[in-house]
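Biologist: Could you walk me through this one, starting with how the strands pair?

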There are 4 protein chains.
Amino acid sequence: MWTMSWDAEGAARAIAAATESGMDFIEIALLDPASTDAALGRQLLNKAGLPAVCSLGVPEHYWPSKNPEGAIAFLTLALEKAAGLGAEALTGVVYGGIGERSGQPPTQTELDNVATALKAAAKIAKGHGLAFGIEPVNRYESHLINTAAQGVAIIERIGAENMFLHLDTYHMNIEERGAGNGILAGRDHLRYIHLSESDRGTPGQGTCDWDEIFATLAAIGFDGGLAMESFINMPPEIAHGLSVWRPVADNSEQVIGQGLPFLKGKAAQYGLI
Amino acid sequence: MWTMSWDAEGAARAIAAATESGMDFIEIALLDPASTDAALGRQLLNKAGLPAVCSLGVPEHYWPSKNPEGAIAFLTLALEKAAGLGAEALTGVVYGGIGERSGQPPTQTELDNVATALKAAAKIAKGHGLAFGIEPVNRYESHLINTAAQGVAIIERIGAENMFLHLDTYHMNIEERGAGNGILAGRDHLRYIHLSESDRGTPGQGTCDWDEIFATLAAIGFDGGLAMESFINMPPEIAHGLSVWRPVADNSEQVIGQGLPFLKGKAAQYGLI
Amino acid sequence: MWTMSWDAEGAARAIAAATESGMDFIEIALLDPASTDAALGRQLLNKAGLPAVCSLGVPEHYWPSKNPEGAIAFLTLALEKAAGLGAEALTGVVYGGIGERSGQPPTQTELDNVATALKAAAKIAKGHGLAFGIEPVNRYESHLINTAAQGVAIIERIGAENMFLHLDTYHMNIEERGAGNGILAGRDHLRYIHLSESDRGTPGQGTCDWDEIFATLAAIGFDGGLAMESFINMPPEIAHGLSVWRPVADNSEQVIGQGLPFLKGKAAQYGLI
Amino acid sequence: MWTMSWDAEGAARAIAAATESGMDFIEIALLDPASTDAALGRQLLNKAGLPAVCSLGVPEHYWPSKNPEGAIAFLTLALEKAAGLGAEALTGVVYGGIGERSGQPPTQTELDNVATALKAAAKIAKGHGLAFGIEPVNRYESHLINTAAQGVAIIERIGAENMFLHLDTYHMNIEERGAGNGILAGRDHLRYIHLSESDRGTPGQGTCDWDEIFATLAAIGFDGGLAMESFINMPPEIAHGLSVWRPVADNSEQVIGQGLPFLKGKAAQYGLI
């Protein structure tokens, strides 16, 4: 929400904002791992006492479905940076590009390539002491992994202990037959969830059924990370990748001032915090 | 739904209707245990291959809160009849009358009396090989036990292994902060649930959030009894006890023809059947 | 929420609390019209610049269903007090007692008596320049008028221009096949609504579908009064009438601090404020 | 649901299936207007007594945003075919391609071009006695018109009486802050709605809040077309355009056998049919 460039200025602003908003951790978008100054970021995070999770999508040149070796190289660097930042995990669309669509259902070759790349990356992550997450996204943002069940399938195929499922209520709203069903399908591997409204705007003001989401999370004994996500203040290239063509909230004050208390209230109502 | 008198005629009609509707078991209202012909009922149930659960509320003369000894005598007879019918459990408002309200919050003495009566009854039930359930009902039908949490409290106080919590979505819709929350509060003891719509009419046509209900049931690994409940075809004295003053469904065909497939569809969607 | 006795102390406290909470008007429970000091109340309301609506249920001695003449006398006094307070309307369970249940569906004689009493009262209200409302309540609080459709029927039977329908989401949650359906049934006469959660606790933390409620209100062009209602801080006799046996919210700060912003946010989202 | 090619075989199959399923009208996808045999279609529709609505998206070569003259030519032909088929309206993504995304918010030039093309097409439609609809689609399927409010804006800019807004619950689930809000925003121009589940599968088994949708439609007095939409049985090129990579329902029997009765039941509950 606060920065798309993890440079000195952006990192400082995001860490200050997260701390001020009462966040328990921060998710850092590793949009360009190569240019990330991990040492500086670690210093700022340490000073603020703020744990971090890193997330990313893979640039087209390194898409695992087509170029598993390139993907491994890319993810290796990203994992080094995540470790350098002192993050606990790297997660997101680690299996492909945000917007990657072949125009066909995923082929066996594509899925094999993805499994190859992720298996290697999971091992490298383990060497760094990092957990490694996989986030299904909706049909428009990837043709590869859209549902919790598909995420589970690839995690179980790879069989690495440090891999986990990362769900996102925005994507689930499009893909799952009820968010509860997605949580149920992913329950054995779910350790992280993006709480994102149906329009990627202010949580509590869209179509997500938050009571169902929190009740089901509580019922499966979820104790992973609950991360509010909203997309405002984006540079054009990110808005493009996410297909956000209009402001989805009035401003970040609305998201923080209304959406965050809403989510915290619901999480408390269901005993999750 | 089919009879309020478990006599030869009523029993035969109800068993035939339940079988025809594809029910896996039948719930028998033991409105007047003394006059129940258990042997005949058992014969009919056996012939139909239909398992049974018995339910009741306690007549005023035997209310546990005021007359624990009388309650024990009443429940002892009811448990004998339930055992005689070959039922698996006796459940319902076993802790008081349907409509029992002192006009005050429950007192410690009332709760002590209830615990005394239920503890004795649970032991007798055990001797019969019967499970013994307790169904919280809404604030208007009892001042004693309205929420899952209150049901759990008395079950844990008594500590009998054969006691279980029996929830009802109709009552939860009034008392719980989300049906999911009630299921969560009761999860350790929940073995039976009445799937009853918010107006006691046709399931799927009221205000109950069935996705939340089934998602949470699936998430806690519920494998107890799912019983559709609707109140039509009632004699005046029962309508009185339940405060039903108008038809809550067009007819029983609507409940069976629309409500039952709706519930079965949702149960299947969440993997519960 | 703030007082059950409209004496000097209670009135001052309630008016101060309503003003401080940013309410646009206050609803005054005329629990005992005879003892209400209307002149003092009017003075305090004027000073605070706070419009008022009065509400009540009829004491058993004056129940319209049985004693229409007595009811007219009672309502005449209540209307005088409401006018004396400078209120805009008298509303509520004007057709009977809170908790009045004969144990049978309403008879034609009962409904005739109610219509006689309300017709006379509506005329007296008109003389005072007061609107006169009728609030359907759930099956346990009255056997006479439970649904919007029943409220509309009696309003249209009487045919007085100053009569209006007053709905309450708490009761609708039990009686209507979706709150939207109740609003639709009452649309021609609906001018006032109690926004009350399913457990009478903090709005936004129960089972009411607030999006459906506000969307439907907006769609019918509702421009009447939106009144938050919650029942805490009640003396035992009122708790008894309403069958509230436990605290339904932690405290009034929770209702005002969480429930009120929730309702205001949703009303704004749907363009109602 | 039944055919993607409106040739003799496909038309006959679709008309037979629609009639058998109890549909009151059929929506014909004019995927390739030039090759559509309108005379044959009209004959089959007349014989079946089935009214029709035509829908389409614009091929890239004729996108209104870039090539308004080409778009006019394309739409002119499509309107001739729709008129030839005896349809009542042409609607859909008439303002662009399904999947058209520039990567930027819509520019003023693009919107001007769209308005120019649609204004001319609306006039031609009028000459044929055809209504002319515009369907906002989600952010991934177009960057031009995603919300009801955006659809209304262009309709009101053009000012043609025969233009109408066509909403789709699948897209609204992603774009509107509650489907009710979208219906409210579009109420003055809404004459057609696609009832499509959140995953484009079986209605009643996803995340759409159907009670809110039907309650709001009833409340605005909607009397336009209610069209069930589901995407199964698609050729690869259509699946590509819609980004459907997996079966979203078990089969068309599930959609017709479960989804259609669900929608009809809800429409009846809210008095819409």
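Biologist: Which residue is the bridge partner of C:G57 in β3(C)?
Modeller: In this predicted model, C:G57 is bridged to C:V93 of β3(C), where strands are DSSP runs of E with at least two residues, numbered from the N terminus. Strand β2 (residues 52-57) and strand β3 (residues 89-93) of chain C pair in the parallel sense over 4 bridges, and two strands count as paired if DSSP finds at least two bridges between them.

Biologist: What is the order of the strands in the open sheet of chain C?
Modeller: The 7 strands run β1-β2-β3-β4-β5-β6-β7, with parallel pairing. Because β1 (26-29) and β7 (225-228) of chain C each have a single partner strand, they stand at the edges, with one side of each left without a neighbour in the sheet.

Biologist: Switching topic, which residues have the most contacts inside the largest nonpolar core?
Modeller: They are A:F132, B:F132, C:F132 and D:F132, in a core of 340 residues; such a core joins buried Ala, Val, Leu, Ile, Met, Phe, Trp, Tyr and Cys residues through side-chain atoms within 4.5 Å, buried meaning under 20% relative accessible area (1.4 Å probe, protein chains only).

Biologist: And how does chain D relate to chain A?
Modeller: Chain D can be laid on chain A with an RMSD of 0.0 Å by a turn of 180° and a shift of 0.0 Å along the axis, superposing by least squares on C-alpha atoms of residues with pLDDT of at least 70 in both. That is the relation of a two-fold axis, and the C-alpha of D:Y140 is the one in chain D nearest the axis, 3.2 Å from it.

How values were computed:
Residues are numbered from 1 along each chain as its sequence is written. Chains are lettered from A and ligands numbered from 1 in the order in which they are written. This is a predicted model: local features need pLDDT of at least 70, side-chain atom pairs count only at pLDDT 80 or more; totals for chains, interfaces and linings use all residues. Side-chain values use heavy atoms; hydrogens and water are left out. Buried means under 20% relative accessible area, exposed over 50%, partly exposed in between (1.4 Å probe, protein chains only).
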